[in-house]
Structures are given as structure tokens and as C-alpha cells.
Amino acid sequence: MLRLRIIWLFAAVLATGCNGTSQPDYERSRDRMVTDQIVARGITDSRVIRAMGKVERHLFVPEGARRYAYTDGPLSIGEGQTISQPYIVAFMTECLSLKPDMKVLEVGTGSGYQAAVLAEIVDKVYTIEIVEQLGLRSKKLLADLGYDNVFVKIGDGYEGWLEHAPYDAIIVTCAPNRIPDPLKDQLAEGGRMIIPVGGSGIQYLILNTKRNGRIRQVSVLPVRFVPMVNKKGIKY
Ligand code: SAH
């Protein structure tokens with residue numbers, strides 16, 4: 001009887017653990033990502049921490065890269081584009097000091113991951129992607145996941161999205177050589193914009209705050225983002 005039970009147990013372990021079809025424990029990896037990469041590095045905004053712990057990052061990366069979804073780095077999402085390192089997503093989101101009733105503009109939808117993190121925190125997210133294939137894919141994924149407060153547009157984010165302006169916060173996830181004037185104009189009074197600025201070598205995240213119609217800029221972190229380009233692929 002004991003031998004039978006041992007055989008049964010062995011078979012059960014084989015079936016669940018070693019047959020190559022078992023799912024990685026994404027929830028555990030995500031919890032660890034939040035503890036080791038986000039909180040340990042000084043992110044304190046509880047809304048940001050909660051959102052990073054909730055959004056299933058593995059669903060936003062290509063299937064072959066899923067097991068790396070919670071590792072400490074950027075990942076390729078196809079079309080020559082990348083999804084940012086989790087810490088950078090959290091850092092940029094925290095810089096915006098978001099509140100639940102806010103309206104946010106994102107330039108560079110990419111995988112849709114950053115948009116999902118924003119959508120967990122604020123009321124409405126407007127996001128623009130210039131590569132049609134990426135924009136359409138992310139639009140569908142975000143809808144499938146139930147993010148009905150995210151609005152995706154295929155277009156050139158240099159121009160912003162005038163129809164829904166002004167925005168309480170703007171986040172740009174591709175790097176121009178200088179900050180687009182339309183984005184400065186579409187930032188609400190008292191609003192914040194975080195944007196990587198610079199060439200293919202050194203870039204800095206610049207935090208912009210609008211007070212009495214004037215923009216104050218502070219450089220906060222050296223980074224490396226894909227370039228902001230126009231429809232012909234030429235860098236701004
Ligand atoms: N926020 C994304 C990462 C984006 S990578 C995420 O969470 O996955 C930067 C994206 O900016 C790329 O998808 C790129 O195609 C897009 N991009 C580059 N120039 C752009 C422009 N002028 N307007 C809108 N999107 C642009």
C-alpha cells in the first residue's frame with residue numbers, strides 16, 4: 001500500500017512539475033520584482049507599487065520572452081522596439097505624482113504595459129503609437145484585459161492629442177532631441193511631464209512642471225530610450 005502511494009506521488013510530481021507544460025509562477029516573480037527592483041530602490045508611492053504588483057507584465061511581452069518578463073531589464077517587443085525596465089516604468093510613473101481623478105497622455109504605446117500601469121492609477125489614459133502594428137496589437141490587448149479607460153491612437157505623438165488636452169500629466173517613452181512644443185502646450189496648469197531627451201548616446205529624463213503657464217525643468221536620471229521619430233522614421 002505504501003509502495004503504491006509512493007508510486008502515485010511520484011507520478012503526480014512528474015505530471016505537474018517535469019513535463020515541460022507547467023506554468024511558471026508569474027505571481028511570485030512579480031511580487032519579487034516589486035520587492036527587489038521597485039521598493040528596494042526607493043519607490044515609495046503606494047499607488048505605483050500597487051499597480052506594478054497588479055499588471056501582468058508577462059502578457060505584454062512576446063510569448064518566447066515571458067519567462068524573462070519580471071527580470072531587471074528592458075525586453076524586445078518586436079518592430080525594433082522595447083518595453084522598458086520595470087524600475088524605469090515605476091520611476092517615471094512616480095515622478096508624475098498621479099491622483100485617481102487625473103487624465104494622462106502617453107507618447108509611445110509600444111507593448112501597452114506602461115499604459116496599463118497608468119490605467120490602474122488614474123481615470124483616463126490617452127496613448128499614441130506611431131508604428132501601426134504595435135498600436136493595433138496593444139489596443140486589442142488592453143481591451144481584452146478590460147482596460148476600458150485607455151484610448152489608443154495610431155499617429156505621431158510629437159503633435160500630442162489636442163482633442164483631449166489639457167493633460168494633468170504627460171509621459172513620453174521615446175526620446176526626441178528637444179521637448180516638443182505641442183506637448184508643453186497640452187500640459188495642464190500645475191501638471192507634470194516626464195520625458196527622455198537626447199541623442200543616441202547620452203539621454204536624460206527631464207521632469208517638467210507647469211506653473212503660471214511657465215515650464216520649469218529638472219534633469220532627474222540618465223537613461224536610454226528608442227528615438228522619437230516622425231512618419232518617415234527621422235528622429236525629432
Ligand atoms: N511605453 C512602452 C515602451 C515604448 S518603446 C511600453 O510600455 O511598452 C517606445 C515606443 O515609442 C515605440 O513603440 C515607438 O514605436 C514609439 N514611438 C517612436 N516615435 C514615436 C512618435 N513620434 N509618436 C508615437 N510613438 C512613437
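1. Axes here are lines fitted to C-alpha atoms, for helices over the stretch in contact, with angles running from 0 to 180 degrees between N-to-C directions, while helices (H or I, at least four residues) and strands (E, at least two) are DSSP runs numbered from the N terminus. The model is a predicted one, in which local features need pLDDT of at least 70 and side-chain atom pairs count only at pLDDT 80 or more, whereas totals for chains, interfaces and linings use all residues. Residues are numbered from 1 along each chain as its sequence is written, and side-chain values use heavy atoms, with hydrogens and water left out.

2. Helix α2 (residues 26–39) and helix α3 (residues 46–54) have axes that come within 9 Å and cross at roughly 145 degrees. This crossing of α2 and α3 is right-handed, a term applied when the near helix is turned clockwise from the far one by less than a right angle, anticlockwise being left-handed. On the α2 side, Arg30, Met33, Val34, Ile38 and Val39 are in contact with Ile49, Met52, Gly53 and Lys54 of α3, contact meaning heavy atoms within 4.5 Å. By class, six residues of this contact are nonpolar, one is polar and two are charged (Ala, Val, Leu, Ile, Met, Phe, Trp, Tyr, Cys and Pro count as nonpolar, Asp, Glu, Lys and Arg as charged, and the others, Gly among them, as polar).

3. The axes of α2 and α4 also come within 9 Å, crossing at roughly 65 degrees, and the crossing is right-handed. Here Met33, Gln37 and Ile38 of α2 meet Pro86, Tyr87 and Ala90 of α4, a contact made up of five nonpolar residues, one polar and no charged.

4. The ligand is surrounded by 26 residues, of which the closest are Ser111, Glu129, Asp156, Gly157 and Val229 (a residue counts if one of its heavy atoms lies within 4 Å). A side-chain N or O atom of Asp156 is 2.9 Å from a ligand nitrogen atom, and a backbone N or O atom of Gly108 lies 3.0 Å from a nitrogen atom of the ligand. For Gln114, a backbone N or O atom is 3.0 Å from a ligand oxygen atom. Taken alone the ligand exposes 580 Å², and the protein buries 99% of that, the areas coming from the Shrake-Rupley method with a 1.4 Å probe.

5. The peptide bond from Ala165 to Pro166 is cis, with omega near 5 degrees, and Pro166 sits in the loop between β5 (150–154) and β6 (167–172). Ser97, although not a glycine, has a positive phi of about 45 degrees and lies in the loop between α4 (86–95) and β3 (103–107).

Definitions and conventions. A polar contact is a pair of N or O atoms within 3.5 Å; within protein, one must be able to donate a hydrogen and the other to accept it, and residues adjacent in sequence count only if both atoms are side-chain atoms.
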